Amino acid sequence: MYEVYGIIGDPVSHSLSPIMHNLAFRELGIKAVYGAFRVSPHNLSKAIEGVKALNIKGLSVTIPHKETIMEYLDEIDPVALKIGAVNTVLNKEGTLMGYNTDWIGVIKAFEKKNIEIKNKKAVLIGAGGASKAIIYALIKKEIAEIEVYNRTFEKAKMLEEKFKILAKPWQELKNAYGDIIIQGTSVGLKSWETPVQEEVISRFKVAVDIVYFPLKTKFLTLAEKYGQIIDGLQILLYQGVEQFKIWTGVLPPIEIMEKAIYEEIKKLEKNFFHESKRNKAFKEF
Ligand code: ATR
């Protein structure tokens, strides 16, 4: 009998998680399949009931459910509680347990490139869903200082209080400096835009983008001239690797998964580029 896993979110149709996890199951000879389930916010509680009723073994959780799912789970891992978001659910004999692996994804992506976090100063742009796990990862790795800039200042302030970091007004982003700059907003997704100008980017030796479509965003393209970059797909890959370990207790074949998702993104980019050229909506890309 095959066991069932899947991702819940809205939207989910372009998720790379099914490719990554199905490949890992197949490579390891694990009898399991992974699907994508589009679940709108008003259906979340019913979906969770469904997970139990159908004995779905594990879930990846994405936008917009990472926070709201917490109230429907039976147990939440202390780290996920601290972060305030769940991206992984394990169904342990009917008990739904929530975890967060996004922060590990961030740490592994830094480690892979031998980039030190300890005692550095980070500038984070954005205070949305991704930022909490990023901040947790940086603190865990003993960063010296984090400044967060967000278009809506109140949301940056909330992170300031939660994690004891520094919220800065959006207008001051032009004066930002430090060691590591992290683009944590949705700006640059399917567009050729950056929330930070080149002059600011040039002051940093390391740049990270959570956006992975396009893979090399405008932000990363500029940043590459001045230092090392980490693309969003690395974070996606390693949060997925950790999910797989939680579900199965086994380390998945990382390089194979990595190759598959990079190839898939390249394909999607090509299609998107052709489409966009046709409707002239994406001239610079
Ligand atoms: P949510 O916060 O609803 O979970 P998200 O997609 O996780 O949404 O986060 C979106 C992030 O991108 C936020 O930090 C958002 O800024 P606001 O809090 O001001 O909305 C940021 N963002 C989205 N579009 C942006 C833009 N055009 N310029 C600057 N920041 C933007």
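This is a predicted model: local features need pLDDT of at least 70, side-chain atom pairs count only at pLDDT 80 or more; totals for chains, interfaces and linings use all residues.
Which side chain makes a polar contact with the side chain of Gln-234?

Hi everyone. Residues are numbered from 1 along each chain as its sequence is written, and side-chain values use heavy atoms, with hydrogens and water left out.

Back to the opening question. The partner is Tyr-262, whose side chain sits 2.7 Å from that of Gln-234 in a polar contact. By polar contact I mean a pair of N or O atoms within 3.5 Å; within protein, one must be able to donate a hydrogen and the other to accept it, and residues adjacent in sequence count only if both atoms are side-chain atoms. Gln-234 belongs to helix H9, residues 232-248. Helices (H or I, at least four residues) and strands (E, at least two) are DSSP runs, numbered from the N terminus. Gln-234 counts as buried because its relative accessible area is 7%. For that word, buried is under 20% relative accessible area, exposed is over 50%, and partly exposed is in between, with a 1.4 Å probe and protein chains only.

Now to the ligand. Which residues are around it? They are Gly-126, Ala-127, Gly-128, Gly-129, Asn-150, Arg-151, Thr-152, Lys-155, Trp-170, Thr-185, Ser-186 and Val-187.

Let me point out some distances. Gly-129 has a backbone N or O atom 2.6 Å from an oxygen atom of the ligand, and Ala-127 has a backbone N or O atom 3.0 Å from a ligand oxygen. From Asn-150 it is a polar side-chain atom, lying 2.7 Å from an oxygen atom of the ligand. The ligand taken alone exposes 620 Å², and the protein buries 65% of that. Those areas come from the Shrake-Rupley method with a 1.4 Å probe; for residues, only the protein chains shown count as cover.

One member of the shell, Thr-185, is worth a stop. Thr-185 sits in the loop between strand E10 (180-183) and helix H7 (198-201). Is Thr-185 buried or exposed? Thr-185 is buried, because its relative accessibility is 14%. In the loop between E10 and H7 you will also find Lys-190. Phi of Lys-190 is near 55°, a positive value in a residue other than glycine. Lys-190 is partly exposed, since its relative accessible area is 41%.

Next, the second largest pocket. Its lining is made up of Glu-67, Ala-127, Gly-128, Gly-129, Lys-132, Lys-155, Met-158, Leu-159 and Lys-162. A pocket here is found on a 1 Å grid over the protein atoms alone, as an open set of points where a 1.4 Å probe fits, with protein on both sides within 12 Å along at least five of seven lines; lining residues have an atom within 4 Å of a point. The space in this pocket is about 170 Å³. Helix H6, residues 153-163, gives the most to the lining, with four residues. The lining divides into three nonpolar, two polar and four charged residues.

Last, some backbone details. Where are the cis peptide bonds to look at? One runs from Asp-10 to Pro-11, with omega near 10°, and another joins Ile-63 and Pro-64, with omega about 5°. Pro-11 is in the loop between strand E1 (3-9) and helix H1 (17-28). Pro-64 is in the loop between strand E3 (58-61) and strand E4 (75-76). Met-70 is also found in the loop between E3 and E4, and Met-70 is buried because its relative accessible area is 16%.

Finally, Asn-119 has a positive phi, near 65°, in a residue other than glycine. Asn-119 lies in the loop between helix H4 (102-112) and strand E7 (121-125), and counts as exposed because its relative accessible area is 57%.

Conventions. A residue is near a molecule or strand if one of its heavy atoms lies within 4 Å of it. Grid points are joined across faces, edges and corners, and a volume is the space filled by probe spheres set on the points. Ala, Val, Leu, Ile, Met, Phe, Trp, Tyr, Cys and Pro count as nonpolar, Asp, Glu, Lys and Arg as charged, and the others, Gly among them, as polar.
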